[in-house]
Amino acid sequence: MSQSPAPRKGGEIDEIRACLREPPKPGDALAKRAALRKVVALMTSGIDTSALFPDVIMSCFTTDLVCKKLIYLYLTTQSKGNEELAVLAINALVKECNDQDPVVRGVALRSLAAMHVPSLLEYLAPLVDKGLSDSSTYVRKTAVCCLLQQYHRSVEDFYELQYFAHALRMLSDPDVQVSSNALDVLLEITRLESAKEELATELHPPFTVNKSLLYQLLNRLRVLNVWQQIQVINLCLQYTPGTEEEMFEIMNLLDERLESNNTGVVIACSRVFLHLTQNAPAVQRKVFQRLREPLLLIATSSIAEPAYAALCHIKVLVKRDPQLFEEDFRSFFCTVNEPSSNKCVKMDILASSVTAASVKAVLEELVAYSEDRNEFVARTAIATMGRVTLKLPDALSSVLVYFTDFITLGLEDLRGATLSVLTDVLRQHVQLDKVRPLLQTVVQSYKDTPFTDDESRLAFLWLLGEYGEYIAEAPYIIEIFGDTVLNEPAPVRLQLLTSAATLFFKRPPEMQKCLGRIFHALLNDFTNADVLDQALLYFRLMRTDVAAAARVICAPKAPIRTFAEDMDANLLDRLMAEFDTLSIVYCVPQEKFIVQENASAEGEDEDEEEGSEGEQSAMQNSNDVDVNGVNARVSPDRDAPAANVDQLFSCSSDARVAPLRLSADAELDAAVFQQQWGRLGVTATFSVTLQTRGISCVDAVEAALEDHNIFVLASGTQNGEHKLFLYAEATVPTHSWIFVEAFVALTGFVRVTLKLDAPSPSSIAEAFEGLFRSALGTTE
């Protein structure tokens with residue numbers, strides 16, 4: 001069955017034109033509305049409806065207000081970019097501005113002001129002047145809004161027509177809506193001009209809030225809507241009372257607004273109260289008490305968003321006066337269906353306002369929160385318990401009991417968060433009689449189920465290093481970690497190195513070999529610069545001055561007095577000054593998250609300059625090499641620690657070169673050696689310097705090498721140097737033969753050339769080099 005063709009747009013426009021041209025009849029308003037709605041729908045769809053322009057203008061004579069609004073929308077839209085249609089639209093709207101109906105006059109004036117036509121001002125200016133003195137409130141407040149549109153259109157014409165003075169005059173209008181719109185215009189103009197480099201002070205006097213204007217607006221608060229109330233209340237921040245009596249008068253006028261059911265009004269009043277009393281501490285303490293109930297009422301409401309805003313402001317007030325909400329601590333207990341954001345802010349408030357009388361109930365509540373399904377809430381609860389111990393040291397025993405329960409539960413996230421907080425708590429409280437049982441619990445928990453999450457492992461290693469003298473198994477547990485140190489992430493490596501070095505100075509006999517193996521592994525691993533740098537620092541300290549190393553590595557830790565969540569005094573003062581802004585929610589000053597456009601552009605330019613400088617620096621550093629082509633910043637110390645690590649910690653060579661094992665029964669025929677030496681390519685070359693010199697050093701070299709299963713096949717002299725042909729048979733990691741040519745000078749300088757018959761010769765060559773150096777006990 002064939003489908004009927006879609007109607008042509010031309011035919012639809014003809015139908016609309018016929019409907020619009022019909023003479024007005026009683027009750028035909030609905031048909032006109034439907035036709036005009038079709039016109040607007042076609043226009044917004046991108047269809048050209050300019051052919052209907054004359055018919056739509058003729059429809060302006062209707063008395064139906066809905067039709068008029070649709071007509072005005074059509075006229076202002078169609079007139080864009082078409083001067084002929086714009087003139088027709090302007091003439092039609094000018095006539096409508098003289099209508100007897102004030103609503104029609106206001107809507108027509110608003111539509112006319114919204115047009116973007118170069119010659120609009122000569123038509124609009126008389127109508128705006130007339131509208132400002134109109135008998136209708138609606139027309140006057142619309143005319144006031146037209147002033148701001150003219151400012152955006154042309155600042156020069158705005159001041160030439162004295163519109164700024166008109167806006168100031170309209171502040172005294174008997175109608176609150178008109179005066180409120182005038183205040184909006186003045187504040188917006190002031191804001192725009194303050195952002196400019198040069199203010200228009202020569203064009204008009206600056207807008208200032210005086211006593212008479214402020215009192216006039218404050219006395220109208222009851223009849224203003226919520227948005228206008230907030231605007232007038234914020235105006236108080238721009239006025240400085242002359243006397244203390246005047247300050248109390250303003251607060252008395254605003255006091256009633258504290259009982260408002262709107263969060264914005266209450267917090268805006270709170271900011272004004274704090275601003276007025278910032279130089280009167282005694283009065284401000286009474287203001288805190290006055291603000292307590294209104295803010296608490298909003299914070300405990302069932303609507304989450306206003307409650308969160310109030311809680312953030314309460315958190316700042318509690319930082320300034322911790323005793324303010326001491327008696328209301330139960331009001332900050334969380335409910336089951338409360339958002340996690342609100343729960344975390346409440347726990348922050350509880351930590352700041354807890355007292356000896358309320359600590360038991362608060363800790364019990366926090367324990368319940370630690371079982372929350374939201375991991376972030378549970379972790380925050382545990383961290384809050386740690387903060388409680390900082391404020392109330394007597395609560396340490398109770399908190400450690402709860403921490404013991406958390407650790408023994410075996411839940412990975414809960415245990416990791418607990419151990420992490422425990423490290424902070426023990427920085428403040430070093431009471432061994434209370435801490436030792438918990439340490440044994442942690443060790444036993446690790447024995448039962450080894451920790452697999454990095455957070456638990458980091459905290460556990462810290463405990464082993466700081467309290468290892470009280471944990472019998474500490475060296476052996478660190479040794480287990482040391483065996484797989486290269487498989488650990490960088491943070492665990494750093495903590496393992498620090499803990500091993502710290503415990504070494506407390507229990508040297510048990511930690512000596514373990515620390516040596518850790519040093520060897522980390523000093524020969526170049527995958528992480530931070531780990532390598534710290535390992536080099538510790539090693540060089542110990543090699544240079546063991547006593548100095550002990551003072552540096554085992555330096556007493558400064559006790560934790562406050563957590564990072566606690567604000568410093570300067571930040572708190574800034575937040576109090578920026579009350580009722582997003583600074584309270586983010587807990588940072590506004591310049592940290594508000595970036596001006598010009599500042600952003602400057603920042604991009606600086607980034608580009610820094611990037612170019614960084615590229616130049618990188619190019620310079622890339623050319624900073626020694627004569628052998630090795631980077632001069634790295635090469636001098638690359639092999640020195642590896643060469644001396646065994647001497648420093650008296651480690652056996654087997655432990656140091658565990659990846660490579662050489663056979664003690666290796667035998668090789670000279671002919672096979674010669675054949676393989678000619679066939680294989682050079683795998684590696686290196687040099688070492690002996691500590692002894694002369695002929696006797698050659699015999700010492702041969703004996704030391706044979707002790708490590710590196711055998712001499714032949715020897716002789718060449719050009720004043722002693723030449724050795726050596727061989728070794730590797731059994732681990734893979735079976736391979738190692739062929740060596742060494743030249744030993746009388747000065748003790750040894751040049752070594754390696755050739756390997758192995759699947760992966762480079763890794764075996766690196767291990768053999770380490771073993772060779774270890775056998776000779778040399779430094780490069």
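Me: How much space lies in the largest cavity?
Reply: This is a predicted model, in which local features need pLDDT of at least 70 and side-chain atom pairs count only at pLDDT 80 or more, while totals for chains, interfaces and linings use all residues. Residues are numbered from 1 along each chain as its sequence is written, and side-chain values use heavy atoms, leaving out hydrogens and water. A cavity is a set of points on a 1 Å grid over the protein atoms alone where a 1.4 Å probe fits but cannot get out. The space in the largest cavity is about 90 Å³.

Me: Which helix gives the largest share of the lining of the largest cavity?
Reply: Lining residues have an atom within 4 Å of a cavity point, and here they are C97, R105, L109, L127, K130, G131, D134 and V139. The largest share, three residues, comes from α7.

Me: Is S331 buried, partly exposed or exposed?
Reply: S331 sits in the loop between α17 (304-320) and α18 (340-353). Buried means under 20% relative accessible area, exposed over 50%, and partly exposed in between (1.4 Å probe, protein chains only). S331 has 27% relative accessibility, so it counts as partly exposed.

Me: How far apart in space are S331 and T300, C-alpha to C-alpha?
Reply: Not counting residues up to four places away in sequence, S331 touches L296, T300 and K346, where contact means heavy atoms within 4.5 Å. S331 and T300 are 31 residues apart in sequence. Their C-alpha to C-alpha distance is 7.0 Å.

Key: Helix = DSSP H or I, 4+ residues; strand = E, 2+ residues; numbered from the N terminus. 1 Å grid on protein atoms, 1.4 Å probe; cavity = no way out; pocket = protein on both sides within 12 Å on 5 of 7 lines; lining within 4 Å. Points joined across faces, edges and corners; volume = space filled by probe spheres on them.
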